[in-house]
Each structure stands twice: as C-alpha cells, then as structure tokens.
Protein chains: 2
Amino acid sequence: MVEDEPVINQAVTDRLRGHGYEVVQAWDGPGAVSQFTETAPDLVLLDVMLPGFDGHEVCRRIQAARPVPVLMLTARDDEADILVGLGVGADDYLTKPFRMRELVARVGALLRRVDRAAELATRSTTTDLGDLRIDAASRRVWVAESEVHLTPTEFDLLLCLAASPGVVLTRENLYAEVWGWPGASGTRTVDSHVKALRSKTGADRVRTVHGVGYALEPSA
Amino acid sequence: MVEDEPVINQAVTDRLRGHGYEVVQAWDGPGAVSQFTETAPDLVLLDVMLPGFDGHEVCRRIQAARPVPVLMLTARDDEADILVGLGVGADDYLTKPFRMRELVARVGALLRRVDRAAELATRSTTTDLGDLRIDAASRRVWVAESEVHLTPTEFDLLLCLAASPGVVLTRENLYAEVWGWPGASGTRTVDSHVKALRSKTGADRVRTVHGVGYALEPSA
DNA sequence: GCGGGACCTGCACAAAACCTTCACGAGTCG
DNA sequence: CGACTCGTGAAGGTTTTGTGCAGGTCCCGC
C-alpha cells in the first residue's frame, strides 16, 4: 500500500487486513520500491501523487523487476493520468474518493486473476463472534443460525467493527474506513447506519461509548 | 502460456485450468524456452510481442528442440505477423482481443489433432453444486437431473461463477473473465445474461449483492 | 444470394434498494 | 442545571437493478 496521506494509507491497510490480507505500507516513491524488493508482495496498491518520484515511475520500476498486478489510485478523474498508468503497467485504477468495498472487490479480482487457488485457499473469509458470523467473501451475515440481510454500507460498517472486536472506533475512524475518505464530521450518517445495524443484529451488539464512538461487543 | 501482460496471462491460465488443463506460465522469451525444456508441455500458447526475444524466435527455438503444437496470439490483425508465425512453425493463431471460449476451443482442437488419448481420459471436467451439475468439457448443464440448454455466453458466465461458489464477483470481474478483456463498464450486458441464466437455472441460483455484483448460491 | 433462426448487445424505462440529512427529544456528563 | 452528545423517524434524493425490446451479427440450409 503506497500512499503519502496517512489517513488514507492506514484506512486502506486496516480494511484489507480485516479481510485477511497481509499488508505492508510505504509512503513515498523510493520507499515503495525498496519495500517491493524486500517483501515481494502479490499485488501493489499505488497512489499516483507521491513524494520522491510519482506512482508511474514506481510502477515502471517494479514492473521491470518482476511482473506484478498493480492497482493505481488517481486523485481525480484524469484521463491522461489513467492512460499513462495503464501504459506503464497498471492493471486497474480507482479514482478518489473511492468506496472501500470497491477497492476490496478490485483487489480480490486482481488476485483472483493472478492465482485463484492460492487466494481462496490461504485466507479465511469468515469471522465468528459468539452467535454472530460474518463471511466477507460472500458478504453474508448470520445471527444465531439465521441469516440477516444487510445493506452494503451496513455490512461494511460491521466488517470494520468486527475487525477489532471490543475496540472503540470513532465516527471519523469508521467513516474513513467505510467511505474511503476522511469527512462527514458533523453529520449523523454513521449514527444512522449504526442504528440500522442494531435493529438487524440486536440492539446490544454495538456499544456506544459516549463522547468517543462505537465498539462491537466481543461476545453475545 | 507465454505472455508478458499479467492480466491476459493469468486470465487465460485460469480459464484453461478451469477446463482441467495443467498450465505453466512464462512471461518473456528466455523464460518461455527454459520452461519448455523443463516442463515438456503438450502445447504452447505464445504471444508474439515479448520482452527478451519475440514469439517467433521462441517458436523457432522450441520447434527445433521438439515438434509441438503452437497457438500464436497476435496483438493485431497483422497479416505479416501471421505469415511469419506460420512460417516458423505455429499451427494456428488468434488475434487479440479474442474470446476465451474460442481460445479454449482451439486449444482443444489442436490437442485433438495431435491425438492424445490421454488428454481426454485424465482430466475431470465436471462440477457439482447441489442439484446443479456442470460439465466443462461437453459444455452441458443439468439442474435437478434434467438438462438445460444454455447459450455459449450463459454457459461461460455460469462456469465463471461456479469457479468460486458463494463468492461475490463484480460485473467487471465477470466481464473480464468471460469476454477476455476488461471493458463494458456502464452497460447492462452482464445483467442481461444473468437474467437469462436465472430464467433457465432457477431465479434463486444467482444471488445479486447490491452495489457489488453477483454470486452463485453454493447449494440449492 | 436469400431467408430464418439463434444469439449477443445495450438502451430506455420502471422499480427497488439504498444513503443522507434534518429536526427534535432523550440521554449523559460535570 | 446547562452543554453537549445520541437516538430516532421520516422525507427526499440518488444509485443500482430488473426487464422488455429493438437492432445487429453470425451461421446454416436452400
């Protein structure tokens, strides 16, 4: 994960880890290249605007070293940027602001293309927390043996909370992870989705910590 | 499978493996030749444009070592390229972008021409999912003991979904795998075929995941 | 060369599903 | 008892899907 903006970098990293991926981070061009040779990742997430040298240059260099899927993140819907990116070996691109679930989907798609068998075999996509079961791959959720239907955002929110059960996450935290960009301070959007989540999974599942944020109850 | 573009290489490899073939990959001219001597394949899929030295050179070298069927992939509809290819020992060629199923068909045809009895005998091509049975080799599908007729695209779509039951695949995902090239975002083509598939295999077989894509129900 | 049929594509429209926001009352803290 | 934070319900707008259908293409038998 190569991105100089700390909030985004961390949000994406956390999210992917929540999906069972192993992620290493880099914050600039040179760092990206050295991390690449050091850790030999299966896929590279690359922001275009970077200190040192930009994402295109990074892409060129790592592609020269070894073919690897690259997912570019472009700040704006800039056709030129995208074309250059595809020209230097990027396999796919995403324009900011992007939805986390879209990013996760594309990452999965790229990896599946590269090695379906390994991808599915090595990571477990289901999470168990007492009578709550979450399957990230099929995006399904069960509460006490019976399936409940969640909307995309509700599911993402739950996934986010379930990544660290019991830990309190601020609204900004949650928003950044689910929506993919920092924002929405001062709105009640997160609250609304929490409410929906509670009504579907049980009121006590999500604990509110006054003045801080929300946390998922570790057990039922 | 020799191709330097990771996306294409992997897509083709996956697809052929899905049909029961054993596939090894190479990404450049030298790699192709060394893989050839090492793994002794029954057939070679060869892109013309390659780093190192090009597909024609690769073809010349491996044909010198041992006669083997070669299927060339040419980037454009370039007569000269094709003639050169046939001149150096290619048995067939395909111009990009090509349809996956056409590639599979040609691979099968070439192998059949060479007549490897073992070819058909050793590979398993059927998938069972509850009351749904798919035979990739004969391209036939049964639902609850009775056969249903699927069009080529419908079948490919089903095969793609059945490769990872329960997992949600995006439309772009599906399109890339079935049509062999990334594109068609913003059209309802995939939706249309999904609709047809549902009407033939049962409406609940394919689950739509709002905002994400489609998934095959693991069981009935 | 000429229908005819099977198939693919993609649009336009309608229907669902979903997200966001607001206003206000209830709750919490010091 | 203020000041602030949360929960809630509903309205309004947006996005995503389902569907019917009209062109096209391709292939085949005549």
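In the predicted model, chain B contains an open sheet of 4 strands, arranged in the order β4-β5-β6-β7 and paired in antiparallel fashion. The edge positions are taken by β4 (126–129) and β7 (146–148) of chain B; each has a single partner strand, so one side of each lacks a neighbour in the sheet. From one strand to the next, the twist averages 25°. Strand β6 (residues 140–143) of chain B is joined to β7(B) by 3 bridges, the two running antiparallel. Opposite Trp142(B) stands Glu147(B), a residue of β7(B). Helix α7(B) packs on this sheet and touches β4, β5 (132–135) and β6 of chain B. The direction of α7(B) makes about 110° with that of β5(B).

Helix α7 (152–162) of chain B also contributes to the surface near DNA strand C, giving two or more residues, as do α9 (189–201) of chain B and α6 (152–162) and α8 (189–201) of chain A. Around DNA strand C there are 21 residues, of which Thr151(A), Thr153(A), Thr187(A), Thr151(B) and Thr153(B) come nearest. By class, the residues of this surface comprise 12 polar, 5 nonpolar and 4 charged.

The two protein chains also touch each other: 15 residues of chain A are in contact with 19 residues of chain B. On the side of chain A that touches chain B, helix α5 (residues 100–122) of chain A gives the most, with 7 residues. That side of chain A has 8 nonpolar, 5 charged and 2 polar residues.

Notes. Residues numbered from 1 in each chain as written. Chains lettered and ligands numbered in written order. Predicted model: local features only at pLDDT ≥ 70, side-chain atom pairs only at ≥ 80, totals over all residues. Near = placed C-beta within 6 Å. Nonpolar A, V, L, I, M, F, W, Y, C, P; charged D, E, K, R; others polar. Pairing = 2+ DSSP bridges. Axes fitted to C-alpha atoms, helices over the stretch in contact; angles between N-to-C directions. Contact = placed C-beta atoms within 7 Å.
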